[in-house]
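Here is a briefing on selected features of one structure. Please read it alongside the model.

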Amino acid sequence: MTQDAEYEPRILGFLCRWCSYAGADLAGTSRKKYPANIRIIKIPCSGRIDPLLIVRALRVGFDGVLVSGCHPGDCHYQTGNYRARRRMSITKKFLEYMGVEPERLQASWVSASEGGKFAEVVTEITSDLKQISPNRLFSDERDGTKAAQ
Amino acid sequence: MSETEQKLRSEARDLLEKGRVNHIIGYEAGSLKFSTTPLITSDKEDTDRLVINPFINNNLSVFLGEVGGKAGIVARGCDARSIVSLIQDKQLAREDVFIIGVPCGGIIDLDKVEKLTGLDRDEIDDIAWQGDKAAVTIGGARKEFPAKEVLTDDCLSCEPPDPREYDLLIGEVGPLVTDGELGRSKIKELEAMTPEQRWEFWKSEFSRCIRCYACRQVCPACFCNRCFSEETEPAWISPLPRWQDNLVFQAIRMIHVAGRCTNCGECERACPVNIPLRSLSKKMEEIVDELFHYRAGTDKEAPPLMAAYQPEEAEDFIR
């Protein structure tokens, strides 16, 4: 797998069902354009995110992961996004120390009314990820196979 | 037998006799020279086997969940922090444990002594702390080595070495020479590398991992009844010990114990293939301290790191 002009990063987005998922929906109904590189999974709250989900996404070959939830103070469950924030900041720093490029872990606060912001976020992280090479973290040179999908 | 040891034995016997505890968890001499092994007993006669020396390297708090009733436990600084951490996580009630604190002068790394003297441990007659030096007796002759040269890497960056939470303190707080910089020299090396080099480093380290789960089993912070690594639907990691899954397992384990891990170094000590796990746990401790000014096991009233938040916290990475 070589990096060429055609490289399109694959991004897995975990969006909270109260804010960011609705924000993504709004981006669609408002006909906002954003790269089709993101695959979205709806989660009940950003506080649902176990770092395991993030690492697992990288393990199966996604180039980047986005976790998006409600703005601080707006969590439907009061404190879920605060907890997510703690977990995310630790995970990001720790994975960076292990050798994962910081660009691969992305987070945003997108409210249900911010369709435009969602489109911007996806555009930005797609271009960020294009700056670095495709995710070969878990590829095994020995037998040349890509990590199991 | 040292004075501390004598005191410990009589106190432990007393605790069992008076029924104040159901079990004593401590150390006894191991089968190899200088080595020690955990002693868990409810028989007061066994207390005569308890030892305290510079080789007591197990973190005994891992056994607290396994013995029923009230346990009297011998605890050094790091063990006491692990116990406090377990209390914070409500894995243990403070009244169910009687902490026999022993001020710790640091644990001597026998491999380092062997390397310094060029002798096998069986050829060495005695090793003991002499102030801030380790006195090694070989065939009547005595050699002294600075503490920094013989301490285990964990102990080099230990703080505080004396237990802060205890019911009874035996012995006096002695000098412990710590050298945080020396203790984190491996981390410094890694930090100077590029991300690719670091990943390659961990990849090669985890290629050796046989997934024996010793790191998890000795870890007082790993108290889940069911570990994600054993789940089958979905299977988060393959049961085969391939480096990819070994690495995922350890990365997630480290993240899951963040804020609970007191960096006692048991995982690295238990690792049969010598993966430098402390370079991960120590780094995690630093990250947690830097971001949240939180140190595991220092305050039993504080909520666990991951169960708390501040409305205003670092979020410069969030768009």
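The points below go topic by topic. The model is predicted. In chain B, strand S4 (residues 97-101) is mostly covered and pairs with strand S3 and with strand S8. Chains A and B touch, with 28 residues of chain B and 31 residues of chain A in the contact.

- Five of the five residues in S4(B) are buried.
- Cover comes on both faces of S4(B). One side carries B:Val97, B:Ile99 and B:Gly101, and the other carries B:Phe98 and B:Ile100; all are buried.
- In a regular strand, side chains alternate between the two faces of the sheet.
- Strand S3 (residues 71-75) of chain B runs parallel to S4(B), and five bridges join the two.
- One of the pairings puts B:Ala71 with B:Val97 of S4(B).
- S3(B), helix H2 (residues 77-88) of chain B and S4(B) together make a β-α-β unit, and this unit is right-handed.
- Strand S8 (residues 168-169) of chain B also runs parallel to S4(B), joined by two bridges. Here B:Leu169 of S8(B) stands opposite B:Gly101.

**The antiparallel sheet of chain B**

- Three strands of chain B form an open sheet in the order S5-S6-S7, with antiparallel pairing.
- Strand S5 (126-130) and strand S7 (141-146) of chain B are the edge strands, and each pairs on one side only.
- Neighbouring strands of this sheet are turned against each other by 25 degrees on average, direction ignored.
- Strand S6 (residues 133-138) of chain B is joined to S7(B) by six bridges, and these strands run antiparallel.
- Within this pairing, B:Thr137 has B:Arg142 of S7(B) as its bridge partner.

**Contact between chains A and B**

- Chain B contributes 28 residues to the contact and chain A contributes 31 residues.
- Helix H8 (195-207), helix H10 (243-256) and helix H12 (278-292) of chain B each supply at least two residues to the side of chain B that touches chain A.
- H10(B) gives the most to that side, with six residues.
- By class, the side of chain B that touches chain A has 21 nonpolar, one polar and six charged residues.

**Helix packing in chain A**

- Two packed helices are described by the angle between their axes and the distance between the axes.
- The axes of helix H1 (residues 20-29) and helix H4 (residues 115-131) of chain A come within 7 Å and cross at roughly 90 degrees. H1(A) is therefore roughly perpendicular to H4(A).
- H1(A) makes this contact through A:Ser20, A:Gly23, A:Ala24, A:Leu26 and A:Ala27. H4(A) brings A:Gly115, A:Lys117, A:Phe118 and A:Ala119.
- The contact of H1(A) with H4(A) has five nonpolar, three polar and one charged residues.

**Backbone features in loops of chain B**

- The peptide bond between B:Glu233 and B:Pro234 is cis, with omega about 0 degrees. B:Pro234 sits in the loop between helix H9 (214-217) and H10 of chain B.
- B:Lys90 is not a glycine, yet has a positive phi of about 60 degrees. The loop between H2 and S4 of chain B holds B:Lys90.
- Is B:Lys90 buried or exposed? B:Lys90 is exposed, because 9 other C-beta atoms lie within 10 Å and 12 or fewer count as exposed.
- B:Asn274, also not a glycine, has a positive phi of about 55 degrees. B:Asn274 is in the loop between helix H11 (266-270) and H12 of chain B.
- B:Asn274 is exposed, with 10 other C-beta atoms within 10 Å.

Key: Residues are numbered from 1 along each chain as its sequence is written. Chains are lettered from A and ligands numbered from 1 in the order in which they are written. This is a predicted model: local features need pLDDT of at least 70, side-chain atom pairs count only at pLDDT 80 or more; totals for chains, interfaces and linings use all residues. A residue is buried if 20 or more other C-beta atoms lie within 10 Å of its own, exposed if 12 or fewer, and partly exposed in between; C-beta atoms are placed from the backbone. Helices (H or I, at least four residues) and strands (E, at least two) are DSSP runs, numbered from the N terminus. Two strands pair if DSSP finds at least two bridges between them. A crossover is right-handed if, with the strands pointing away from the viewer, the path from the first strand over the helix to the second runs clockwise. Two residues are in contact if their C-beta atoms, placed from the backbone, lie within 7 Å. Ala, Val, Leu, Ile, Met, Phe, Trp, Tyr, Cys and Pro count as nonpolar, Asp, Glu, Lys and Arg as charged, and the others, Gly among them, as polar. Axes are lines fitted to C-alpha atoms, for helices over the stretch in contact, and angles run from 0 to 180 degrees between N-to-C directions. Angles under 35 degrees count as roughly parallel, over 145 as roughly antiparallel, 65 to 115 as roughly perpendicular and the rest as oblique.
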